[in-house]
Amino acid sequence: PVAGGNGFVYVMLGSSETDQTNTLHAVDASTGKISWSTFVDGTPSRPVVANGRLFVSAFDNQQQESSKHSEWSSTTVHAFNAHSGARLWSSANVGNQWATPVVVDGKVLTSAESSSFFALDAATGDRLWEATVDGYNGLAPAVEDGRAFLAGALTSMYAFNVSTGDILWSTDLVDNGHLWSVPSVADGSVYVGGDDGNLHSLDAATGKVQWKYEVDPSLAVGSPVVNDGVVYVGANTPWGVGSPDQLFAV
């Protein structure tokens with residue numbers, strides 16, 4: 001569930017992989033009663049509330065006949081009135097992804113497994129810009145001071161200008177592995193984990209590597225959280241097979 005800060009708690013209840021209809025509920029935080037509900041087709045992301053609107057992305061993961069693997073297509077970002085549930089707009093064909101949207105400066109940012117990073121107008125759903133990163137992605141960015149920080153799922157970390165979509169810097173980090181991590185930004189530094197067992201710290205302004213901490217070369221390092229100058233990060237074996245989750249403080 002997501003607390004909207006407006007007297008409502010929002011929760012998405014799914015059905016099954018074969019019936020991809022999911023229901024978004026707005027629950028009155030004081031009474032627990034459902035105020036409104038609406039259907040969302042496809043597999044949804046976590047909902048996000050900003051400026052009286054609720055945003056959620058959903059993709060159709062029906063398997064294509066021509067492939068042995070599931071191919072994600074026709075992802076749509078939806079915007080609803082957070083109070084009434086009225087659908088304000090839907091923007092289709094924003095790649096193939098399941099990333100939770102990030103709302104900043106009147107824009108909805110979302111990335112795709114098709115190597116694309118999009119900005120939509122939060123009021124209309126119009127596409128404002130599209131950028132390209134190395135490899136498939138589908139992860140959420142971190143944002144601060146008009147910049148968006150995104151881990152390309154191959155080897156590189158990126159910083160974008162939120163207004164224009166221009167790349168401010170990119171830094172190669174992983175020699176043998178991938179960056180399967182949503183970054184965190186705090187106090188002028190960006191933190192991101194890789195499945196090479198390392199936690200990386202970069203200067204948010206320049207992308208210069210500040211330090212690299214080897215958690216465990218056999219583990220994939222997840223998405224870090226920063227609090228009071230301490231970086232907390234979880235890790236396990238790649239794909240979560242064969243090892244219990246572990247928590248590290250750096």
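Biologist: Which residue in E13 does Phe-118 stand opposite?

Modeller: In this predicted model, Phe-118 stands opposite Glu-130 in E13.

Biologist: What makes E12 and strand E13 (residues 127-132) a pair?

Modeller: Pairing requires at least two bridges between the strands. E12 and E13 have five, in the antiparallel sense, so they count as paired. The hairpin they form has five residues between the strands, and Gly-125 takes a positive phi near 85° there.

Biologist: How do you know that E11 and E12 pair, and in which sense do they run?

Modeller: Five bridges join E11 to E12, and the requirement is at least two. The two strands run antiparallel.

Biologist: Why is strand E12 called mostly covered?

Modeller: A residue is buried when its relative accessible area is under 20%. Five of the six residues in E12 (residues 116-121) are buried. For the chain of 250 residues, the buried share is 50%.

Biologist: What makes you say that Lys-107 has no salt bridge?

Modeller: The nearest side chain of opposite charge is Asp-105, 5.9 Å away. A salt bridge needs a side-chain nitrogen of Lys or Arg within 4 Å of a carboxyl oxygen of Asp or Glu, so Lys-107 has none.

Biologist: Where is Lys-107 found, and which residues is it in contact with, leaving aside neighbours within four places in sequence?

Modeller: Lys-107 is found in strand E11 (residues 107-111). Beyond those sequence neighbours, its contacts include Leu-120, Trp-129 and Val-162.

Biologist: Why is Thr-237 called buried?

Modeller: Its relative accessible area is 15%. The cut-off is under 20%, so Thr-237 counts as buried. Thr-237 lies in the loop between strand E24 (230-236) and strand E25 (246-249). Pro-217 is 20 residues away from Thr-237 in sequence and 9.5 Å away in space, C-alpha to C-alpha.

Biologist: What is the order of the strands in the open sheet of four, and what makes E14 and E17 edge strands?

Modeller: The order is E14-E15-E16-E17, with antiparallel pairing. Strand E14 (142-144) and strand E17 (167-172) are the edge strands, as each pairs on one side only. Neighbouring strands of this sheet are turned by 15° against each other on average, direction ignored.

Biologist: How do you know that E16 and E17 are paired?

Modeller: Strand E16 (residues 156-161) is joined to E17 by five bridges; at least two are needed, so the strands pair. Within this antiparallel pair, Phe-160 has Ile-167 in E17 as its bridge partner.

How values were computed: Residues numbered from 1 in each chain as written. Predicted model: local features only at pLDDT ≥ 70, side-chain atom pairs only at ≥ 80, totals over all residues. Heavy atoms only, no water. Buried < 20%, exposed > 50% of the residue type's maximum accessible area, 1.4 Å probe, protein only. Lys, Arg positive; Asp, Glu negative; His and termini not counted. Contact = heavy atoms within 4.5 Å. Axes fitted to C-alpha atoms, helices over the stretch in contact; angles between N-to-C directions.
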